[in-house]
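Take a look at the sequence and the 3D structure below. Turn the model slowly before you read on.

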Amino acid sequence: MKTSFHDIENDIRYLQLLSQSFPTIADASTEIINLQAILNLPKGTEHFLADLHGEYKSFQHVLKNASGNIKRKVNEIFGNELRESEKKELCTLIYYPEEKLELVKANEPELDDWYHITIHQLVRICRDVSSKYTRSKVRKSLPEDFSYIIEELLHERTDDVDKAAYVNVIISTIITTGRADDFIIAISHVIQRLAIDLLHILGDVYDRGPGAHLIMDILSGYHNWDIQWGNHDILWMGACAGNEACVCNVIRLSLRYANLATLEEGYGINLVPLATFAMENYGDDPCEEFLPKTSGGSADIDDKTRRLTAQMHKAITVIQFKVEAAIISRHPEWGMQDRLLLNNVDMERGVCVIDGVEYEMKSCSFPTVSPDDPYRLTPEEAILIDRLTHSFAVNEKLHKHIRLMLSHGSLYTIINDNLLFHASVPLDADGKLKDVELYSGHKFCGRELMNRIDRIIRSAFQTDTEQQEKTFAKDYFLYLWCGRDSVLFDKSKMATFERYFLKDKETYKEEKGNYFKLRDNEKVCDYILDSFGVSGKNRHIINGHVPVHVMSGENPIKANGKLMVIDGGFSQAYHKETGIAGYTLVYHSRGFQLVQHEPFTSTEDAILRGSDIKSTTQIVEMSAYRMLVADTDIGRELKTQIKDLEKLLFAYRHGFIKERR
């Protein structure tokens with residue numbers, strides 16, 4: 001469409017502002033040429049991960065090997081030039097350059113020769129992974145110390161006779177000046193960075209595993225990422241905001257899996273007062289139902305620690321039921337009164353009455369529960385929960401990580417025709433969007449529901465939020481964690497009380513919401529995508545949250561390819577259940593591939609023996625043509641910028657705006 005005088009008159013103020021960045025016809029023309037060139041580059045590679053659950057080492061390794069992409073590149077580039085053992089050594093060097101260099105220097109007799117060969121190999125790999133980016137973008141990813149040198153090596157080839165000596169002298173000089181180690185480390189990190197253009201985390205960084213804080217530290221320095229908050233992330237956000245029930249749940253889950261590293265080492269939360277309280281009140285209680293799960297990393301703790309952990313676990317669980325009751329009672333509109341089960345326990349007879357049915361209790365040892373007022377905190381419990389909540393609310397490092405989640409995250413994201421969210425969009429039984437009461441008398445559904453909840457979450461951390469609004473926002477974290485129509489839960493109930501205290505396993509059942517029942521229906525997925533305004537011929541919903549039971553034959557690709565569930569069980573606690581150790585969904589210029597990972601042995605094993613995560617790649621959807629930047633959201637934005645610059649050129653050439661030379 002041609003630019004008209006009318007267009008210019010309507011946009012003159014905006015074009016005058018644009019002219020400050022591009023003050024001449026030459027500047028505007030150069031930028032148009034640059035943007036048009038970018039549009040024709042291959043689409044950058046996106047990686048999607050979900051439900052990391054504190055598995056720091058596995059997550060770190062998946063980032064370092066780009067979900068097997070670097071190994072694939074090495075195989076493609078070197079083919080039969082190198083033996084398999086040499087390619088494995090080269091990959092390990094790229095993943096862990098600092099550690100691998102120490103081993104090489106201790107064992108390599110011809111070190112200078114090894115440096116020459118290896119640097120040439122690394123430059124070839126770096127040249128390949130950087131080929132889909134502009135020089136400007138590559139330049140921005142280069143370390144300051146070696147920016148000029150790497151850029152020269154990337155754009156000069158030894159097979160060019162006139163430049164071979166030039167390239168060899170650069171590499172020789174790197175070695176003779178004693179900078180070979182630093183250079184290898186620097187270019188290895190550049191390869192890692194360029195192998196993944198954009199990282200999407202579909203929720204649940206926290207809980208179960210020992211290193212959630214370390215994952216957040218990695219993300220704080222990562223070049224390009226976003227996160228769609230999961231229910232476990234929301235739990236920690238609620239604890240940080242001062243929600244007592246969230247604080248209890250966070251501590252309870254940490255004790256359940258005997259993984260206290262994130263709490264104690266990562267954030268310095270002092271659990272000694274809880275341990276003291278537990279020993280005083282539950283010292284004679286075997287707490288058998290509260291012994292930690294050994295599959296979550298607690299197999300090697302001694303019996304004394306295991307018993308104390310169980311006592312602390314029970315103590316915080318009872319406090320949790322009490323503080324949850326206070327929040328639930330403040331919000332009858334949530335319809336969660338059926339979760340107040342302590343009221344229904346007959347201590348003398350050892351039964352709990354639910355819907356008129358008596359269920360036998362496993363244990364009726366409740367030394368801090370008054371039969372007359374079961375939800376009243378004892379003075380000691382009140383002091384303890386105040387201290388614990390204060391520890392979360394003033395924790396500087398935790399607040400830093402939660403701010404990072406807020407700045408990089410949201411409940412959902414729409415990007416490149418894909419709808420990303422962690423768990424669910426509440427649906428009616430007929431597959432239509434369900435109206436959910438958010439405020440008293442105000443109901444919302446679908447995209448508007450998620451947008452409203454997103455604002456509520458953020459308001460809990462804003463200093464200018466009115467007190468009444470902030471109190472509601474703080475309380476709402478509990479509903480997001482375990483409310484029936486929560487977009488992050490969407491089940492009939494969270495059977496925490498039943499699992500701990502009732503013998504009848506039928507009471508443990510948590511009926512999944514309609515989204516989980518209907519998500520394999522292509523029409524339902526199309527309806528959801530339409531309601532969120534997601535267009536395009538190859539559009540998808542991408543979720544985490546519910547582990548895919550691969551051993552039972554469950555397929556992560558659902559609804560004829562419209563929906564992908566990528567929770568493959570990163571957490572050790574899920575490995576036996578899923579049969580694998582996580583998925584990465586990779587979306588590159590040729591289409592979608594699902595990478596299925598086997599359990600990661602250890603970082604030490606990877607460095608010493610070159611062991612890698614064994615991954616199986618499943619082609620999900622391949623494009624008939626190679627996708628370009630022009631086919632992405634960024635491409636659509638660049639096209640808009642080009643149109644604006646063309647208007648600016650028109651304005652310059654017809655005298656609406658004067659060039660500033």
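The paragraphs below go through sheets, cores, a helix residue, cavities and a pocket.

This is a predicted model, in which local features need pLDDT of at least 70 and side-chain atom pairs count only at pLDDT 80 or more, while totals for chains, interfaces and linings use all residues. Residues are numbered from 1 along each chain as its sequence is written, and side-chain values use heavy atoms, with hydrogens and water left out.

Start with the strands. Helices (H or I, at least four residues) and strands (E, at least two) are DSSP runs, numbered from the N terminus. Two strands pair if DSSP finds at least two bridges between them. Strands of a sheet pair through backbone hydrogen bonds, either parallel or antiparallel.

Look at strand β2, residues 198-201. Strand β1 (residues 46-49) runs parallel to β2, and four bridges join them. Here Glu46 sits opposite Leu198 of β2. Strand β3 (residues 225-228) is also parallel to β2, joined to β2 by three bridges. Leu199 faces Trp225 of β3. Which way do the side chains of β2 point? Leu198 and His200 point one way, Leu199 and Ile201 the other way, and all are buried. Buried means under 20% relative accessible area; exposed means over 50%, and partly exposed lies in between (1.4 Å probe, protein chains only).

Now find an open sheet of three strands, in the order β4-β5-β6, with antiparallel pairing. Strands β4 (345-346) and β6 (357-360) are the edges; each has a single partner strand, so one side of each has no neighbour in the sheet. Strand β5 (residues 351-354) pairs with β6 in the antiparallel sense over four bridges.

Another open sheet has five strands. Their order is β8-β9-β12-β14-β13, and the pairing is mixed. The edges are β8 (412-415) and β13 (557-558), each with a single partner strand, so one side of each is left without a neighbour in the sheet. Two bridges join β13 to the antiparallel strand β14 (residues 563-565). There, Ile557 stands opposite Met564.

Next come the nonpolar cores. A nonpolar core is a set of buried Ala, Val, Leu, Ile, Met, Phe, Trp, Tyr and Cys residues joined through side-chain atoms within 4.5 Å. In soluble globular proteins, nonpolar side chains tend to be buried together. The largest core here has 187 residues. Those with the most contacts inside it are Leu199, Val205, Ile251, Phe392, Ile457 and Phe497. Helix α18 gives the most to this core, with 11 residues. Apart from this core lies another, of 21 residues, including Ile38, Leu41, Val629 and Tyr652.

Zoom in on one helix residue. Ala239 lies in helix α14, residues 231-241. Is Ala239 buried or exposed? Its relative accessibility is 0%, so Ala239 counts as buried. Leaving out residues up to four places away in sequence, Ala239 touches Cys246, Val247, Val250, Phe392 and Ala393. Contact means heavy atoms within 4.5 Å. Ala239 and Thr389 are 150 residues apart in sequence, yet 7.1 Å apart in space, C-alpha to C-alpha.

On a 1 Å grid over the protein atoms alone, a cavity is a set of points where a 1.4 Å probe fits but cannot get out; a pocket is an open set with protein on both sides within 12 Å along at least five of seven lines; lining residues have an atom within 4 Å of a point. Grid points are joined across faces, edges and corners, and a volume is the space filled by probe spheres set on the points.

How many cavities of 30 Å³ or more does the structure hold? There are four. The largest cavity has about 190 Å³ of space. It is lined by 17 residues, and the closest to its centre are Phe321, Glu324, Arg339, Met494 and Thr496. Helix α18 supplies the largest share of this lining, five residues.

The second largest pocket has a volume of about 590 Å³. Of its 23 lining residues, the closest to its centre are Ile38, Lys137, Asp197, Val629 and Ile634. Helices α3 (25-39), α9 (135-141) and α28 (633-653) each supply at least two residues of this lining.
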